Amino acid sequence: MMTTRSFGRPVARKEDPHFLTGKATYIDDIELADMLHAAILRSPYAHARILSIDTSRAKELAGVELVLTYHDLDVALEPLPLLIPHPALTHPHTQYALAKDSVHYAGEAVAIVVASDRYIAEDALDLIEVEYEPLPVVSPYNLDTIVAPETPQIHLDTPHNIAAHLVQQVGNIDAAFANAPHIFQRRVFIERSASQPLETRGVIARFDAFERILTVWDSTQGPISIRNGLAVLFGLPAENVRVTTPDMGGGFGVKIMLFYSEEVLVPLAAMRLGRPVKWIEDRREHMLASNHERGQLHDIAVAMDDEGHILGLRDIFWHDTGAYCPYGIIVPVITACQLPGPYKLPAYYSDATVVYTNRTPVSPYRGAGRPQGVFAIERILDYAADQLDIDRAEIRSRNFIQPEEFPYDLGLVFQDGLPTLYDSGNYPASLQRVLAMIDYEHFRSLQHDARRQGRYLGVGIGCYVEGTGIGPYEGAHISVDNHGQIHVATGVSSQGQGHQTTFAQIVAEILSVDIEQVSITTGDTHRFHWGTGTYASRAMVVAGNAIALTAEAIKEKAIKIAAYTLEVAPEDLELIDGRVRVKGSPSRGLSLAALSILSNPIRYAYGASAADLPTTLPARPGPPLPPGEEPGLELTRYFSPPHATFASGIHAAIIEVDIQTGIVKIPKYVVVHDCGKLVNPMVVAGQIYGGVAQGIGGAFYEQLAYDEHGQLLNANYLDFLIPYASEVPHIEIEHIETPSPINPLGVKGAGEAGCIPVPALMAAALEDALSPFAAHIDHMPMTPDAILTLIQHH
């Protein structure tokens, strides 16, 4: 039974001194002997046919070692893999590592140059002559117009630019609407945005031709997937490919792909040249060519009775997947399955049309379809509450799934192909707590007094449920060395989640040691080569439980070795303070260091020693290493969840709008969050803080502005706005723990929760603050200019 000595405590992050003292090694810090540098030529057109490419002048430039276009790629001539197929994805398209005969978005890779330094490589790009024939561009503001018959086709085999059409339905939606006393409808829109990690993407590759070993350093969230894919692509045994993720300056989803073009091109160039090759993405490249997200238009309608109970909900939406769909249709699937949130929907109809546009491709960005779905349902609930003259918090309370109704099956198929089955939660308690934290009862009085002073305050509430911890599996290897130090390796990578701390807390708790005795290795396929990666708020749920199972197995093995050595029954032993000792006789015991030595039948040949290592051992019949046993105090175990586990939360905020400038301030922001058992409350709070900051960016600042020619107009930080620390308020956080019954630790994911409800609750707060102007907020982000326009058009 796990105690709370390490698990559940706000332990300071072990990794922080490493970063704060400048000891981190990011990918651009890696320097190898004889290394070359790559640059990518990208299309200036959003849609064009490539008529010819002349690379002769670039090849003649002094210092240039290699220039490649599509026809030079050999083993990489096929389109890049489709990461996650789906039956509804009837017209999938992925891009080539280098454009073959046409380009479909501005920023698509056309050629690669490798040179002695990046400056020469960039100069050589200017010498490549590409003749383009511009083609009609599909880049409308209103996504539903893309399917119109007169709209040009982006891919010739894809009628109406429809990549996928997915319908999910529960209950009798037609009857629900036909018999409803009230029907309310809204059209809502969240614009396209993208992850902006401090560190952009990068790849370094080195090939040893003699041993045929390919080593890749990649700022990826999925090193194992990259390793396996590269092994197949280049015809190498998987064990001959090592992919390592160095320290990473943020990811937020944008760094998990199979593959980005550069993840193929850089290793290919290194193998061709027999020299290490480095490519580091610049910020403009990141904004043009690294995947985007958001970008959904919803027509949502709700059928209700007179008391505001939901009878049925119908949502028809369009999802902009960009020019390709490398990640399948995961984002709209998540939107459809997470839109119901914490509410009981007797009938639900979701109709998703996934459309191609001549814009950068889409894959999950923190939140991954959930902010869009939450925005849609929360907006329609606010509207219905206003029309029925029911308090906005009350209408939510009347429709909550109740604690005794878990497990609760929504009847939908989730992103992992398994049921959307809520495992635990207590939504009424969360709402009650968040209303108390925001002082909801007295807000109207506060708002009234502020209005008399010419100040415009508003309050908003946003509820969400987040599917986390999807499979298929993760694993862990734990070894105890002869000094009692504990080494843990797992396949997930880290981008700021605090894995060095939280994973160590799990092991320290189970093996009853100080957390400083535990070291964690993540993101190195040489150390652990089975798993999928860090995404979908899954690392703690899946890898964390794998680590816990492995630590429990190590504990069991240690006790077994001690039982033999001390000549006592295993059930008479306990593991306390890193020693296996006899219950009731604490002086009789063995440290983990001694047990590590004893686990190897030839232990004395190495000169290994421990203070409590016995000089003689009891006689044992049979071979020194019993059948079925392995030497060493080390083991590997895996965890595969039966389905996703569902975290939840409710956020509330009070905002103040300056009606002269459109600037919004947030004097109070509160969160009640449920991610099951908390391994480290401080780390979870950090995840929530970061998520809320990104959510505020999505609500008021961050939008990727495309024109009708498919050109991104604000691919720089002068025009693409990101909130500063001054725009992010102090956040009060409280936790409700409803442990998950489907994993041993009882945990749920927390990585994306902070950003999910922010646009929805900020829209509600804006409407409330600007109620004298009869404001209706149906899209996000609402920039200061947009807010001023709304006020002035009153």
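**Basis.** I worked from a predicted model, in which local features need pLDDT of at least 70, side-chain atom pairs count only at pLDDT 80 or more, and totals for chains, interfaces and linings use all residues. Residues are numbered from 1 along each chain as its sequence is written, and side-chain values use heavy atoms, with hydrogens and water left out.

**Sheet.** I found an open sheet of three strands in the order β22-β23-β24, with antiparallel pairing. Strands here are DSSP E runs of at least two residues, and helices are H or I runs of at least four, numbered from the N terminus; two strands pair if DSSP finds at least two bridges between them. β22 (573–576) and β24 (585–591) each have a single partner strand, so one side of each lacks a neighbour in the sheet. I then looked at β23 (residues 579–582), which pairs with β24 over four bridges in the antiparallel sense. In this pairing R579 stands opposite S591 of β24.

**Residue T738.** I located T738 in the loop between β28 (731–735) and α17 (758–769). Is T738 buried or exposed? T738 has a relative accessible area of 13% and is buried (buried is under 20%, exposed over 50%, partly exposed in between, with a 1.4 Å probe and protein chains only).

I next listed its contacts (heavy atoms within 4.5 Å). Leaving aside residues up to four places away in sequence, T738 touches S424, G425, N426, D674, G676 and K748. The T738 side chain reaches the backbone nitrogen of G425 at 3.5 Å.

Key:
Polar contact = N/O pair within 3.5 Å; in protein donor to acceptor, adjacent residues only side chain to side chain.
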